[in-house]
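This report describes one model, beginning with a helix and moving on to a sheet. Please keep the sequence and the structure in view while reading.

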Amino acid sequence: MKKIITISREFGAGGGEIGRAVASRLGYEYYDKAIILRAAHEANIDVESVYRWDESVPVNFGFAQSLFDFYNKPLNEKLFDAQKQVIRRIGEKGNCVIVGRNANSILSEFDHCLHVFICADVKWRKERSLGLYPDATEAKIADQLATIDKRRKKYCAYYTKTEFGVADYYDLCLKTSELGIEACTKIICELAGADETK
């Protein structure tokens, strides 16, 4: 039984939705960008703008814009270190699903982990994002998909010395544009619950 599941994902590929569904079905705790807020609070770092973005919940262009700004905001070293400590503490407790934040690298030495990467074709991600943020233009969505993926790659390389999306750093890579959200969720749950003694 895998006690820790980390999910890295391309923007718009459905990694967050899959992570929430997996956590719900396994009865695990779910963690995503809220980790960054918790880390900032514990490190006494002033990140009022991050709190403001995180509190923007309406599904409209304003939300989409704030979400993009959240991902585009660079982290400083102090905040990353604080976040890393929070993730390690979460990992020590186990029974959790962690989406993003390079948790796969941070917890690479932990036992009973399943590290997953979620990807999808650009066209599929655009269509899904337009459905989630109907007030955003197709051009804006396309621009932000490219921008956010690029920043995630840089962030991953800088802080973990690994390559974002490269299969060597994950146990499982799934393509939602081919398999669908539900199938990916089911596969992860089945692998997480597999008896390791067999």
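## Terms and basis

Buried means under 20% relative accessible area, exposed over 50%, and partly exposed in between, with a 1.4 Å probe and protein chains only. Helices (H or I, at least four residues) and strands (E, at least two) are DSSP runs, numbered from the N terminus.

The model is predicted: local features need pLDDT of at least 70, side-chain atom pairs count only at pLDDT 80 or more, and totals for chains, interfaces and linings use all residues. Residues are numbered from 1 along each chain as its sequence is written, and side-chain values use heavy atoms, leaving out hydrogens and water.

## Helix H1

Helix H1 covers residues 15-26. Buried in H1 are Gly15, Gly16, Ile18, Gly19, Val22 and Ala23. Seen down the helix axis, the buried residues fall within an arc of 160° (taken from the directions from the axis to the C-beta atoms), so they line one face of H1.

Just after H1, Gly27 has a positive phi of about 75°.

## The sheet

Five strands make up an open sheet in the order E2-E3-E1-E4-E5, with parallel pairing; two strands pair if DSSP finds at least two bridges between them. The edge strands, E2 and E5 (172-175), each pair on one side only.

E2 and E3 are joined by three bridges in the parallel sense. Tyr30 is opposite Val97 in E3.

## Glu92

Glu92 belongs to helix H5 (residues 77-93). Glu92 counts as exposed because its relative accessibility is 60%. Its C-alpha atom is 8.3 Å from that of Phe110, 18 residues apart along the chain.

Methods
The expected span of a helix is 1.5 Å times one less than its number of residues.
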